[in-house]
Amino acid sequence: MLDYSLAGVLVILFLYQVYFYVRYIAGVSRWGRRNAQKSLDVQDNQLPGVSVIVAARNEEQNLTKFLPSLLGQDYPNYEVIVVNDGSEDNTEALLSDYAHKYKHLHITFVPIEARVTSSKKLALTLAVKAAHNEFLLFTDADCVLESDKWIREMMAPMVGEKAEQRKVVLGYSPYFSDGNAVNQIIRYDTLFNGLQYLGMAYSGHPYMGVGRNLLYRKSMFMELNGFYGLLAFRSGDDDLFVNRVATKQNTAIVASPDSVSWSLPKTTFAEWVVQKRRHLSVSPYYKSATRRRLGLEPLTRGLWYLTIILCFVLGCAWTMALAWVLLVIRLLMQVGIINKAARQFGEKTYGLEVMWYDMILPLFTAFLLSTQPKNSTRCW
């Protein structure tokens, strides 16, 4: 009787995991099959103006390296607005030099003496109000763009069929590789999370985006009074805002190779823990449907591995054989789906180490959530 119960639970968990991967994680690959080269076919005279917004605090070195790729985009009508968010290095002088060379670069600033709960939200709000265009495209000061077609790619959903109803476009932003073990974990975690939020959005359940590669309409931002209701949070200018405004009807994704915005990763485990805690701190404030959908996958994943262990420890020969077969099938499915999307983004591919990441990352996330300091999410 125990063997049949274990086998039944194992099969049910296996089927849900297959459903999750095929419907959501594989969504990026489905997008790629249906939208290949679509954005490149848009004519220049069809492309509306766009304002690219960057908030920068003490980013002199990063701006020196990465700002030229943003200012040299192949797009007929765009401006770049950089907000100097109280920098104390030579960011102001650097931006002034660039502004003399590039007429489409505009500069504004948050005063050093400003005392607000989230200076980045204030910086972005100032930039939005200064923007001359309806479409706002966000990235960070440490981001380098995969291609000079980045703006063109991210704007493609705003042209043609259904463009009028679209208000949000979600893009992908991976981290550079530096070869160490922490970097490998960060990059896999970022890839999986990216495939999850992009895939869910493509399947009609958008719930977050990242400010390193995100587009939305200025009119929507102004109608909602910007970040009103989110100002008490240390973060949330991207994921919480998208969770509040994104719907099946108004959200699109872009997952082409040229749409990628690369970013600098944290270099130590301690720095990554701080960053991940900050990102996780707002997840309890997602919509209830989002929390249920996001919680079900790691729950079934944990039960899956627990049932596998019970099959090996308590099961008979055929139960153990079933566990081995389903374990291998799921692993091959994971590697196949994840690697196909990784190649689409120009990311590295993975092998059997996927199983290791698959087991430890949910446990690590659960640990961070359970040990989150009280009142760490809000600023008062």
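## Close-up views of the predicted model

**View 1. Asn 225 is placed in the loop between α8 and α9.** The model is predicted, so that local features need pLDDT of at least 70 and side-chain atom pairs count only at pLDDT 80 or more, whereas totals for chains, interfaces and linings use all residues. Residues are numbered from 1 along each chain as its sequence is written, and side-chain values use heavy atoms, with hydrogens and water left out. The helices named in these legends (H or I, at least four residues) and the strands (E, at least two) are DSSP runs, numbered from the N terminus. Most residues other than glycine have a negative phi. Asn 225, a residue other than glycine, has a positive phi near 60 degrees. With a relative accessibility of 58%, Asn 225 counts as exposed, on a scale where buried means under 20% relative accessible area, exposed over 50%, and partly exposed in between (1.4 Å probe, protein chains only).

**View 2. Asn 58 lies in the loop between β1 and α3.** Although Asn 58 is not a glycine, its phi is positive, at about 55 degrees. Asn 58 is partly exposed, its relative accessible area being 37%.

**View 3. Gly 236 is found in the loop between α8 (218–223) and α9 (239–245).** This glycine is buried, with a relative accessible area of 0%. Leaving aside residues up to four places away in sequence, Gly 236 touches Lys 121, Leu 230, Phe 241 and Val 282, where contact means heavy atoms within 4.5 Å.

**View 4. Seven strands form an open sheet with mixed pairing, in the order β3-β2-β1-β4-β7-β6-β8.** Two strands count as paired if DSSP finds at least two bridges between them. The edge strands, each pairing on one side only, are β3 (105–110) and β8, and the twist from one strand to the next averages 20 degrees. Strand β2 (residues 78–85) runs parallel to β3 and is joined to it by six bridges, with Asn 84 opposite Phe 109 in β3. Helix α3 (residues 60–71) lies across β1, β2, β3 and β4 and runs at about 155 degrees to β2; axes here are lines fitted to C-alpha atoms, for helices over the stretch in contact, and angles run from 0 to 180 degrees between N-to-C directions. Helix α5 (residues 119–130) also packs on the sheet, touching β1, β2, β3 and β4, and its direction makes about 145 degrees with that of β2.

**View 5. Strand β4 (residues 135–140) is mostly covered, with five of its six residues buried.** Strand β1 (residues 50–56) runs parallel to β4 and is joined to it by six bridges, whereas β4 and strand β7 (residues 214–217) pair in the antiparallel sense over four bridges. Phe 138 of β4 is the bridge partner of Ile 53, and Phe 138 also stands opposite Leu 214 in β7.

**View 6. Helices α7 and α12 pack at an angle of about 95 degrees, with their axes 11 Å apart.** That makes α7 roughly perpendicular to α12, because angles of 65 to 115 degrees count as roughly perpendicular, under 35 as roughly parallel, over 145 as roughly antiparallel and the rest as oblique. The contact is made by Tyr 188, Leu 191, Leu 195 and Leu 198 of α7 together with Ile 338, Ala 341, Ala 342 and Phe 345 of α12. The residues of this contact divide into eight nonpolar, no polar and no charged, where Ala, Val, Leu, Ile, Met, Phe, Trp, Tyr, Cys and Pro count as nonpolar, Asp, Glu, Lys and Arg as charged, and the others, Gly among them, as polar.

**View 7. Ile 151, Leu 170, Tyr 216 and Ile 338 touch the most other members of the largest nonpolar core, which has 106 residues.** Helix α7 (residues 181–202) gives the most to this core, with 11 residues. A nonpolar core is a set of buried Ala, Val, Leu, Ile, Met, Phe, Trp, Tyr and Cys residues joined through side-chain atoms within 4.5 Å. Not counting residues up to four places away in sequence, Ile 338 touches Tyr 21, Ile 25, Tyr 188, Leu 191, Leu 195, Tyr 350 and Val 354. A second, separate core of 11 residues includes Leu 13, Phe 14, Trp 304 and Tyr 305.

**View 8. Arg 330 sits in helix α12 (residues 317–345).** Arg 330 is buried, its relative accessible area being 2%. Among the residues that Arg 330 touches, not counting those up to four places away in sequence, are Phe 14, Trp 304, Tyr 305 and Asp 358.
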